[in-house]
Amino acid sequence: MKNMTKQTGTAKNSLNFGKQLSYNEVVEFLDKNWSTQKNEKSLACMKKLNQAFDSIAEKINTIFITGTNGKSLTANFTVQLLKKEGLQVGCFYDPHILTYNERFSLNQETITNKNLVINSEQFTKKLLNSY
């Protein structure tokens, strides 16, 4: 994320934690702050996030699917296979087509607007508290 502040004002790139956010406010925030640039700063941010979430990266099994073509199809087949084995499977897709919700699924169910808002608030608060 590019620039997040703890202020409760109306800073362009900040979330207002003084009230319940709307789905549109979260989407506006993500549109302004989502970055796909990989650099030392983003790596440091990911390490801080991992620490803020009690080193979750070391506690969960993860499969990364990379390449030029066929990632979504491969991910969908993988999710189906793992579900048949009785596992609970979360998946992150990038980019989205219509809504940010499409990026996040659990057992092939897209996250709801309400859960996207709740998780965005919790995630951002943890991120801000880790700095």
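The dialogue below goes through these topics.

Modeller: This is a predicted model, in which local features need pLDDT of at least 70 and side-chain atom pairs count only at pLDDT 80 or more, while totals for chains, interfaces and linings use all residues. Residues are numbered from 1 along each chain as its sequence is written, and side-chain values use heavy atoms, leaving out hydrogens and water.

Colleague: What does the protein chain average in pLDDT?

Modeller: pLDDT is the predictor's confidence in each residue, from 0 to 100. The protein chain averages 81, and 85% of the residues score at least 70. Over residues 1–12 the value is below 50. Where pLDDT is low, the predicted coordinates should not be read in detail.

Colleague: Which residues make up the largest nonpolar core?

Modeller: Such a core is a set of buried Ala, Val, Leu, Ile, Met, Phe, Trp, Tyr and Cys residues joined through side-chain atoms within 4.5 Å; buried means under 20% relative accessible area, exposed over 50%, and partly exposed in between (1.4 Å probe, protein chains only). Here the nine residues are L21, Y23, V26, V27, F29, L30, Y100, L116 and V117.

Colleague: How many aromatic pairs does a search of the whole structure find?

Modeller: Rings of Phe, Tyr and Trp (its six-membered ring) pair if their centres lie within 6.5 Å; planes under 30 degrees apart count as stacked, over 60 as edge-to-face and the rest as tilted. The search finds two. F53 and F123 are stacked, because their ring centres are 6.1 Å apart and their planes at 20°. F92 and F104, with centres 5.4 Å apart and planes at 50°, are tilted. F92 is partly exposed at 44% relative accessibility.

Terms used:
Contact means heavy atoms within 4.5 Å.
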